[in-house]
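Work through the exercises below with the coordinates open. Each task is followed by a solution in steps.

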Amino acid sequence: MNLWMILFLFWSSFGFANSQVIEGRLLERGTQIPLKNVQVFILPHRLETETDVRGNFKFESVPEGVFTLMVNAPGYQRFESPDHTGFRESRNFFIERQVYAELESVTVGQVEKRDKTAKSLTQDEFLTLPGAGGDPVKAIQNLPGVNRVQGFSSRVVIQGSDPGDTRYDIDGHEIPQAFHFGGLTSVVMPESIERVDYLSAGYGPENGRAMGGVVSLKTRDPLVQDRDKKYFFFADTLKAGGLYEQRIDDKSRFLISGRYSYVGQILSRVFEDNEQLNLTVVPEFADLTGIYSRDLGEAEKVKVLFLASRDSLGFLFKEPLREDPSLRGEFKNEIQFYRLIPQWQKKFSETSEINISVGLGQNRFLAEIGDNYFRNRNWQMTVRGEWQKTFSEDLISQFGFDNQYSRGTVEVRLPNILDTGGVNDPFSAGELQEVAVDFRNSNLGLYNRNEIRDGRTTWVPSLRFEHYNLTGENFILPRLAINQQKSESLLLKAATGFYVQPPLPQEVNENFGNPDIRSPQALHFMTGFEKDFREGGPEGYTLTSSLFYRDFDRLVVNSPEIVTRNGEQVPEVYDNEGTGSAYGAEVLLKLSTQDWDSWISYTWSRSRRTDPRNGETPSEFDQTHNLNFVASRELPRNWKLSGRFRYVTGNPNTPVVGSYFDADNDVYLPERGQIYSERLADFYQLDLRADKKWIYDTSIWSFYIDIQNILNTQNAEEFQYSYDFSTKQKVTGLPLFPSVGVKGEY
Amino acid sequence: MLFSLMQTACMESDLPEYVKLDKLRVLALEVNTPEVDANTAVTVTPYVSGVGATFPLSYEAKFCLDPSFGFGAEPTCEGLAGPTASGSIPSIADHVGAVATVAVTVPASGLIYAGRSLQDQFNGIPYLMIYTISDSSGQSVRAFRRILVSTKSTKNTNPVIQNFLVNGSATTTYPTAVSDLSLSFSSGAESYLEQASDGSQVTRTETLQTTWFITSGEVNFFRTVGTDSTEYTPASPVPSGASIIAVTRDSRGGIDIFKVTAP
């Protein structure tokens with residue numbers, strides 16, 4: 001070995017002895033989500049490396065001495081950590097995002113929808129929409145085609161149909177209600193929901209038994225990002241709760257969440273000195289959601305959803321109600337349901353996949369009003385399954401079933417009350433009926449859907465079969481959708497089809513209704529387009545517009561006729577002589593920029609009903625104009641301001657032109673004028689919301705204040721009449737209502 | 001619905017009060033026998049408030065089989081066969097009281113029970129009376145009641161008010177100070193049988209409910225149940241001729257009425 005070699009080896013070994021290994025991990029500040037494939041620099045040595053899928057990075061030989069660690073990743077604030085001389089062990093570095101959405105957004109960009117007629121809101125969208133209180137089902141009321149319902153209502157009305165024409169489901173399985181009482185909030189923790197879909201005119205064959213449409217909640221998988229566990233808790237004006245999710249092992253994870261409302265404690269203070277009523281059961285609601293998910297293989301997964309919901313309310317009238325003396329004594333209302341929904345899906349090959357799910361649970365409904373009551377307790381099972389087969393690039397077919405079974409008991413002691421044109425007769429004026437029945441019911445659904453690609457056009461012919469054992473009817477329901485991707489940014493669509501739904505059980509009950517009633521049905525048409533002006537980027541406009549038309553037939557309407565049934569003269573109560581139509585145009589224009597998100601949704605529509613007694617009239621939800629303008633702005637230091645303005649044509653109203661005094665029951669009956677011949681004043685409301693986040697390394701704290709109806713507009717929702725209907729005063733909806741909330745996320 | 005009830009109960013109301021008698025009203029239509037066999041004669045006594053009305057009053061009474069207005073038809077006998085009666089009422093003592101009676105015989109069983117189930121026949125088929133009263137200034141009130149025709153052996157009878165109580169003591173004198181008003185009954189809430197669609201029979205008990213009408217002063221509860229009391233605050237001074245009228249109903253068409261007038 002010569003001298004130069006010796007010197008080279010000497011100096012080389014000296015260099016190796018003066019370098020060090022630097023290891024660390026990059027995590028997103030607040031959410032602790034690992035940042036993968038992010039460049040990390042060490043200065044001034046100009047060393048560079050990249051994080052792995054777990055956010056880990058490693059520099060093998062960093063010269064001794066002071067250095068700075070620097071990260072400058074897209075979407076994140078520039079991060080510099082100076083004055084390091086070395087780490088004894090791996091360290092975590094928390095990099096702050098430029099903008100924080102609610103937790104993590106589980107879908108990025110446009111939701112890929114199989115049913116092009118569906119409108120969807122992702123979690124990111126519905127959690128911060130002003131006026132919606134972070135609720136997914138309330139948020140869709142900002143979308144075009146959804147009618148505004150009165151104040152404390154818990155209904156969703158779609159494109160001029162009736163409230164009973166909307167079906168609600170979670171992961172494809174029907175639930176009895178979407179909202180807790182008073183429409184305050186939906187029955188499931190919003191942060192456990194990935195997105196909410198609302199299906200309107202022309203919806204696909206996977207769903208049925210609803211002439212109006214479907215509101216469908218899709219739960220998410222726990223821990224969709226790379227975290228081992230996370231949780232949050234919150235409290236606001238009405239309720240408090242929390243959510244916890246954790247990875248069990250590499251293949252499985254779970255989530256559990258719960259909420260409890262203390263609105264009852266507030267109301268009990270409000271009613272403490274009320275002269276007319278005492279709260280005997282403090283109003284409360286609670287819900288519990290649990291999700292377990294496990295990967296059985298690369299292409300096989302099982303998921304189990306558990307949902308439970310409970311509402312209760314009770315009060316005592318100190319004296320009979322002045323408007324209706326039969327309403328006296330104790331009032332009680334409880335609604336409970338739970339569902340266990342195991343789901344399995346497997347992809348057998350690139351061309352064949354299957355999913356099956358079952359919904360098991362119980363519904364309990366109790367309403368007691370003095371001596372009158374309605375008690376319904378039933379077990380429910382819903383079974384849904386689909387096999388998808390890709391025959392070729394141009395032909396994909398789905399074959400599926402969607403069945404419901406229920407059994408239970410119903411006990412009723414209630415008067416038959418006439419409700420026509422939104423004006424009810426008093427309780428005491430109706431003929432009292434008492435019945436107790438055990439029932440079994442089944443509704444079967446089978447469907448076949450086909451996607452046939454012809455260049456840029458996709459034809460979707462489908463067929464759905466339905467059987468209702470309540471009426472013994474069978475239906476074959478063809479549907480057709482046509483979608484043409486005119487260009488990358490322009491989609492044209494059209495759909496049509498037949499839709500039916502079973503009558504309500506009380507409508508066919510021989511004591512309360514007419515056992516000869518048939519199922520009402522509808523024919524839908526829609527056509528429209530979606531245009532994306534963003535040219536592939538995240539900023540810019542999107543425009544969605546469509547026309548819709550619905551034709552209703554065999555609607556169930558009140559009948560005053562006397563018929564002979566089983567040799568006896570009995571009131572007919574209902575018949576199928578009702579018809580109707582609803583048509584309109586919808587527009588949804590969205591604008592997204594770096595700092596602004598806004599949209600305008602507008603619906604122009606007409607909704608009519610016809611029956612032999614009243615002729616043609618507007619429907620209860622004939623709202624000619626329905627405008628929603630929503631805007632939000634990201635501000636520095638994690639502030640966000642948002643607002644919503646709504647304008648809706650006043651609802652139709654039936655005038656009361658006189659009255660009759662019922663001398664037996666000491667109450668007056670209204671004499672109705674032309675059904676829905678008048679209108680309430682137009683509705684308008686401005687809501688504002690401010691959100692502020694404090695980002696820490698391992699937590700995020702949020703505070704919001706949401707002021708609904710900040711202009712304190714006195715919108716008339718209905719009229720309250722004097723005892724003899726000779727005078728009236730308007731009943732206004734929600735006054736200025738501030739709510740505040742705080743949330744801690746870990 | 002329950003949220004709406006709460007909202008209604010809590011609203012501040014500028015609407016006229018039910019119990020304040022300030023215009024032409026029918027307070028009750030009392031039948032001497034509220035439940036009868038078919039083909040039985042009954043007498044109906046209207047109880048009218050003429051406060052604020054222009055006398056003479058005119059009335060018309062019509063009777064018919066119930067057109068099932070509980071299921072959507074109007075409570076009217078127009079176009080339906082049945083007896084009628086009419087007349088004039090020149091005045092009412094103290095402006096509130098009983099007026100000219102109307103007599104009627106309910107239809108025979110072949111007519112009233114035709115096509116009706118045994119359950120309905122047992123529980124009672126309503127025979128409808130429409131009573132319209134008007135004054136010369138244009139005020140008009142339409143009232144109706146049902147006379148039950150049934151096959152049950154024990155028929156409903158009217159409750160009977162035994163005493164008017166002021167602060168628990170029986171009296172016939174108008175109260176002139178803040179007082180608790182209540183009633184006692186010599187014939188109170190009756191038990192009765194109700195037949196279900198499967199033929200089984202259930203025993204139920206009436207609930208007596210009293211409405212307190214006043215021409216002056218204030219009551220805190222205008223309807224009471226059974227022997228419960230209501231607090232009355234008279235006007236100061238008490239106007240001459242002021243009246244308190246208690247109308248007790250048994251929820252099955254039975255009625256009794258008590259009236260006390262200030263001198």
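The structure is a predicted model.

**Exercise 1. Cis peptide bonds**

Task: Which residue is joined to A:Pro44 by a cis peptide bond, and which to B:Pro237?

Solution. 
- Step 1. In chain A, the cis bond is between A:Leu43 and A:Pro44, with omega at about 5 degrees. A:Pro44 sits in the loop between β2 (39-43) and β3 (47-50).
- Step 2. In chain B, the cis bond is between B:Ser236 and B:Pro237, with omega at about -5 degrees. B:Pro237 sits in the loop between β18 (230-233) and β19 (243-249).

**Exercise 2. Salt bridges within and between chains**

Task: How many salt bridges does a search of the whole structure find? Describe the bridges of A:Glu194, A:Asp595 and A:Asp664.

Solution. 
- Step 1. Over all chains, the search gives 66 salt bridges.
- Step 2. A:Glu194 pairs with A:Arg195 at 3.8 Å, N to O. A:Glu194 is partly exposed at 22%, whereas A:Arg195 is buried at 16%.
- Step 3. A:Asp595 pairs with A:Arg633, and their closest N and O atoms are 3.5 Å apart. A:Asp595 is in the loop between β32 (568-592) and β33 (596-611) and A:Arg633 in strand β35 (residues 625-635), so this pair ties together parts 38 residues apart in sequence. Both are partly exposed: A:Asp595 has a relative accessible area of 35%, A:Arg633 one of 28%.
- Step 4. A:Asp664 pairs with B:Arg145, with 3.3 Å between the closest N and O atoms. The pair joins two chains, because A:Asp664 lies in the loop between β38 (656-662) and β39 (667-672) of chain A and B:Arg145 in strand β9 (residues 140-149) of chain B.
- Step 5. Bridges with shared partners join A:Arg114, A:Glu206, A:Glu386, A:Arg449, A:Glu451 and A:Arg453 into one network.

**Exercise 3. Aromatic rings**

Task: Classify the pair A:Phe57 and A:Phe93 as stacked, tilted or edge-to-face.

Solution. 
- Step 1. The structure holds 29 aromatic pairs over all chains.
- Step 2. For A:Phe57 and A:Phe93, the centres are 6.2 Å apart and the planes are at 40 degrees. Stacked requires under 30 degrees and edge-to-face over 60, so the remaining range is tilted. The A:Phe57 and A:Phe93 pair is therefore tilted.
- Step 3. A:Phe57 is in strand β4 (residues 56-63) and A:Phe93 in strand β7 (residues 91-95), so the pair ties together parts 36 residues apart in sequence. Both residues are buried.
- Step 4. Charges also sit over rings: the charged end of B:Lys152 is 5.5 Å from the ring centre of B:Phe122, and that of B:Arg223 is 4.7 Å from the ring centre of B:Tyr18.

**Exercise 4. A strand residue and its contacts**

Task: Is A:Ala522 buried or exposed, and which residues does A:Ala522 touch beyond four places in sequence?

Solution. 
- Step 1. A:Ala522 is in strand β30 (residues 521-532) of chain A.
- Step 2. At 4% relative accessibility, A:Ala522 is buried.
- Step 3. The residues touched are A:Met211, A:Gly497, A:Phe498, A:Tyr499, A:Asp551 and A:Phe552.
- Step 4. A:Gly212 is 310 residues away in sequence, with 8.6 Å between the C-alpha atoms of A:Gly212 and A:Ala522.

Terms used:
Residues numbered from 1 in each chain as written. Chains lettered and ligands numbered in written order. Predicted model: local features only at pLDDT ≥ 70, side-chain atom pairs only at ≥ 80, totals over all residues. Heavy atoms only, no water. Helix = DSSP H or I, 4+ residues; strand = E, 2+ residues; numbered from the N terminus. Buried < 20%, exposed > 50% of the residue type's maximum accessible area, 1.4 Å probe, protein only. Contact = heavy atoms within 4.5 Å. Salt bridge = Lys/Arg side-chain N within 4 Å of Asp/Glu carboxyl O. Phe/Tyr/Trp six-rings, centres within 6.5 Å; stacked < 30°, edge-to-face > 60°. Lys NZ or Arg CZ within 6 Å of the ring centre and 35° of its normal.
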